[in-house]
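Please examine the structure shown below. The briefing that follows groups its points by topic.

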Amino acid sequence: MNARYWPLVATITIFVVAYALAVMQFPALFSTRVLGNLLTDNAFLGVTAVGMTFVILSGGIDLSVGSVIAFSGVLVAVLVSQLGLHPLPAFAITLLICTCFGGTMGAMIYYLEVPAFIVTLAGMFLARGVTFLLTQDSIPIDHAFYDWVRQFYYVMPGGGRITFNGGLMLLVFLVGIIVAHRTRFGSYVYAMGGNAQSAALLGVPVARTTIGIYAMSSFLAGLSGIVYSLYTSSGYPLAAVGVELETIAAVVIGGTLLSGGVGFMFGTLIGISIQGMIQTYIVFDGTLSSWWTKIVIGGLLFGFIVMQRVIIAASRRDWRTKPHPEPAPSG
Amino acid sequence: MTRPMRSLVKPQFVALALILLLNWILFPGFFSFFVRDGRIYGSLIDVLNRGAPVAILAIGMTAVIATRGIDLSVGAVMAIAGAVAATMVGDGTPLFIVLMAALGVGLLCGLWNGTLVAVLGLQPIIATLILMVAGRGIAQTITEGFIVTFNDPGLIFLGSGAMLGLPTPIIIMATLAVLATAVFRLTALGLFVQSIGVNESASTYAGLRSRALLIGVYAFAGFCAATSGIIAAADIRGADANNVGLWLELDAILAVVIGGTSLMGGRFSIPMSVVGALIIQAMNTGILVSGFPPEFNLLVKAALIIVILVVQSPLAGRIWYFVAPSRERPPDDRPSRTTATSAEGGPK
């Protein structure tokens, strides 16, 4: 089997084994209700993680997503509750601003030749600061549209509900998978992550792609903020603190190489599910404290990163004997 | 301008002076001092005192960044060290052993990071991310989820006591900065660290023991973080595993960058990083005393990073070269980056 698939297989195996062990202890975990809640509760995380997967695949990192989520949620709340706008135009305005914000970060990364880490760090401070300028308190959103959206859910056999948010996350993942593996943009992203210099020499429009990647990441973080506002019916400037770490962790646990160029969108979905399952397990157990989530995720991160090193070492050995495998399965 | 004159007029000093001046305009009593009970009070002392934890973090961070690395875990290490100190002192352990244990835990965290970077060859940002995520959880298990408070006068002294009329954190910060600068500059260690940052494999081929050095540098950062964590815990007389040192890693990195050390590794200056930390704190204090909401800090920091990035960028260097062709600036690829970090040996 190709070494590229090892992390994905490992992720899926860990998820299945961990889920089976958890079900053995708490049979009630094996139900579509738990699955439905898992999707709903982690929807905003999943939507962000799709964007983060593209960023990490290209060899970058985006630390601003948590702040952008908070910004988007608060802006929607301000537009809807204080300025009396209908949610739909409010969403459009918010997404537009977020996309421009990400595009600007991408442009800075490319044209100023600085690490993505420091630019998105500035973005993180900026977005959070602007959010605090908009409001210091939580703004409730009470609009008929929000109630209307909440009516949409699909009842799975067993009584579990796929809510609007959960469904939206799955849809975003589906689009993400198609874009990553079946479009030209996706191949550009993989090529840049493999080796930015050779990608540029081979004619990949690095400037446009970099801007596109970060614009998309912020767009999805903005969408995630909207999902979050639907989830909590409010905008809160301190929301989603530390979400950037959780998403990065989910992407890595999902088997994407942090050095870029290797990984699968589907793995990120599993990464999100593993994190969600740890939380669900802790809730079911009742005696464990929530900080165990952090320790377990830290341990998983460590395990996966070490495994990635082994894989890189193994594939380097392959390179000497075989021709270099194509970086992206593009169609 | 002669070289020694020029090194005195560093942009960092100008920036610090400007911010202090601005603070003075906004708050006329900014520069006033008074002595009470053999201790000096005043806003300027307050800037130094409040800036000490970040400055101490920045000392360790400078060495790490000079090797082209980064340490995201320092905030979490602060929490762990604070939790260890608070719980042990609560159990009645002698202060000396408590301090040794807390600093030892910090060293251990640093060794862990260093091993991941040097032996496993992970990217520093990833290697230290693990401890950043897990560290607060570890600190929580040490304090068992509570905010552990204590009343030990010895430990409290480290956070809010005074020596020679100055608050203890300032003394600790100054001692550490002077010692670290001396060790890095009076021995070849600084040069070794710098050469690893410029080109690690070349340094190894030249005979440097890069791995051991890298591990040592991360251990040093862990030690600094633990020191900072003890001070932070002593200051509030308790260990708050969730909030102590939250986002301070970013402040420390910012302080190093303001100090002119490039994130690309290489030349570094510990004293300038301390100045960077003081610039950040002077802004914080200024925003507070002038009555703006503290959230303004985030915006100002963001603006500051953007300005530094633009000024240090190769693009700005190239534009500058065309605008001012009479300067004796070589048209190489990254002119501004090398001149902005020309802090050879720090202030002499």
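In this predicted model, 32 residues of chain B are in contact with 35 residues of chain A, contact meaning that C-beta atoms placed from the backbone lie within 7 Å. Residues are numbered from 1 along each chain as its sequence is written, while chains are lettered from A and ligands numbered from 1 in the order in which they are written. Local features need pLDDT of at least 70 and side-chain atom pairs count only at pLDDT 80 or more, whereas totals for chains, interfaces and linings use all residues.

**Side of chain B that touches chain A**

- Helix 6 (124-143), helix 14 (296-312) and helix 15 (314-323) of chain B each supply at least two residues; helices (H or I, at least four residues) and strands (E, at least two) are DSSP runs numbered from the N terminus.
- Helix 6 of chain B gives the most, with twelve residues.
- By class, this side of chain B has 22 nonpolar, seven polar and three charged residues, where Ala, Val, Leu, Ile, Met, Phe, Trp, Tyr, Cys and Pro count as nonpolar, Asp, Glu, Lys and Arg as charged, and the others, Gly among them, as polar.

**Confidence**

- The model scores ipTM 0.76 and pTM 0.82.
- Chain B averages a pLDDT (the predictor's confidence in each residue, from 0 to 100) of 82, and 90% of the residues score at least 70.
- Over residues 331-348 of chain B, pLDDT stays under 50; the model has 40 contacts beyond four places in sequence for this stretch.

**Helix packing in chain B**

- Helix 3 (residues 43-66) and helix 11 (residues 210-236) of chain B pack with their axes 8 Å apart, at an angle of about 175°; axes are lines fitted to C-alpha atoms over the stretch in contact, and angles run from 0 to 180 degrees between N-to-C directions.
- Helix 3 and helix 11 of chain B are therefore roughly antiparallel to each other, a term for angles over 145 degrees.
- Their contact has 17 nonpolar, three polar and no charged residues.
- Among the residues that meet are B:Ile56 and B:Met61 in helix 3 of chain B, and B:Phe220 and B:Ile231 in helix 11 of chain B.

**A:Ser234**

- A:Ser234 lies in strand 4 (residues 234-235) of chain A.
- Beyond four places in sequence, the contacts of A:Ser234 include A:Ala77, A:Ile139 and A:Ser229.

Notes:
Two residues are in contact if their C-beta atoms, placed from the backbone, lie within 7 Å. Angles under 35 degrees count as roughly parallel, over 145 as roughly antiparallel, 65 to 115 as roughly perpendicular and the rest as oblique.
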